[in-house]
Amino acid sequence: MAAKEFTYQDVAEHNTKKDLFIVIHDKVYDSTKFIDEHPGGEEVLLDVGGQDATEAFEDVGHSDEARETLEKYYVGNVKRKVTW
Ligand code: HEM
């Protein structure tokens with residue numbers, strides 16, 4: 001099955017604690033179930049809910065374990081806007 005494609009507009013609708021999508025390196029993660037488990041706390045996740053969190057995620061220097069954790073929540077890819 002092809003990966004699900006989301007626009008940033010689609011992702012932006014999932015920006016609450018009960019329904020939280022986060023984009024990292026063009027991949028979409030449904031982080032809803034992870035909010036309470038995040039060692040860095042819920043606040044930072046809510047801050048980037050429905051948005052691209054690549055920079056914030058990389059700035060922290062997350063471990064390989066954190067990257068593996070991400071895969072559990074992968075739900076699809078962001079469709080880049082075509083601008084020609
Ligand atoms: C769903 C995406 C994310 C996952 C799976 C995740 C996972 C983790 C994990 C496993 C740790 C423990 C340390 C490590 O293994 O690196 C951690 C720590 C941390 N995370 Fe995240 N993280 C995510 C997103 C973010 C974002 C977007 C931020 C925004 C700034 C953030 C900020 C932090 C901070 C500040 C810590 C350090 C906490 C401390 O050691 O006191 N994380 N994260």
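Student: Where is the place of H25?

Tutor: Helices (H or I, at least four residues) and strands (E, at least two) are DSSP runs, numbered from the N terminus. In this predicted model, H25 is in the loop between β3 and β4. Residues are numbered from 1 along each chain as its sequence is written. Because this is a predicted model, local features need pLDDT of at least 70 and side-chain atom pairs count only at pLDDT 80 or more, whereas totals for chains, interfaces and linings use all residues.

Student: Is H25 buried or exposed?

Tutor: A residue is buried if 20 or more other C-beta atoms lie within 10 Å of its own, exposed if 12 or fewer, and partly exposed in between, with C-beta atoms placed from the backbone. H25 has 12 other C-beta atoms within 10 Å, so it is exposed. H25 also has a positive phi of about 50° although it is not a glycine. D26 lies in the loop between β3 and β4 as well, and its phi is near 65°, a positive value in a residue other than glycine. D26 is exposed, with 11 other C-beta atoms within 10 Å.

Student: How do β3 and β4 pair?

Tutor: Strands of a sheet pair through backbone hydrogen bonds, either parallel or antiparallel. Two strands count as paired if DSSP finds at least two bridges between them. Here β3 and β4 pair in the antiparallel sense over four bridges. F21 stands opposite D30 in β4, and I24 has K27 of β4 as its bridge partner. The hairpin of β3 and β4 has two residues between the strands.

Student: In what order do the five strands form the sheet?

Tutor: The sheet is open, its order is β1-β5-β4-β3-β2, and the pairing is mixed. β1 (5-6) and β2 (15-16) stand at the edges with a single partner strand each, so one side of each is left without a neighbour in the sheet.

Student: Which bridges join the other strands of the sheet?

Tutor: β1 and β5 (residues 74-78) run parallel and are joined by two bridges; E5 has N77 of β5 as its bridge partner. β4 and β5 run antiparallel, with three bridges between them, and V28 has G76 of β5 as its bridge partner. β2 and β3 pair in the antiparallel sense over two bridges, and T16 has D19 of β3 as its bridge partner. A hairpin through two residues joins β2 to β3.

Student: Which residues of the largest nonpolar core touch the most other members?

Tutor: A nonpolar core is a set of buried Ala, Val, Leu, Ile, Met, Phe, Trp, Tyr and Cys residues joined through C-beta atoms within 7 Å. The largest one has 13 residues, of which F21, I22, V23, I24, V28 and A53 touch the most other members. β3 (19-24) and β4 (27-30) each supply at least two residues of this core. Five residues, the largest share, come from β3.

Student: Why is β3 described as largely enclosed by the rest of the structure?

Tutor: Five of the six residues of β3 are buried, so the strand is largely enclosed by the rest of the structure. Leaving aside its neighbours within four places in sequence, V23 is in contact with V11, V28, Q51, D52, A53, T54 and V78.

Student: How many residues surround the ligand?

Tutor: A residue is near a molecule if its C-beta atom, placed from the backbone, lies within 6 Å of it. The ligand is surrounded by 20 residues, the closest being P39, G40, V44, S63 and A66. The elements that give two or more residues to this shell are α2 (42-47), α3 (54-60) and α4 (64-71). α4 provides the largest share, four residues.

Student: What confidence does the predictor give?

Tutor: Each residue has a pLDDT, the predictor's confidence in it, from 0 to 100. The protein chain has a mean pLDDT of 94, and 94% of its residues reach 70 or more. For the complex, the predictor gives an ipTM of 0.94 and a pTM of 0.92.

Technical notes. Two residues are in contact if their C-beta atoms, placed from the backbone, lie within 7 Å.
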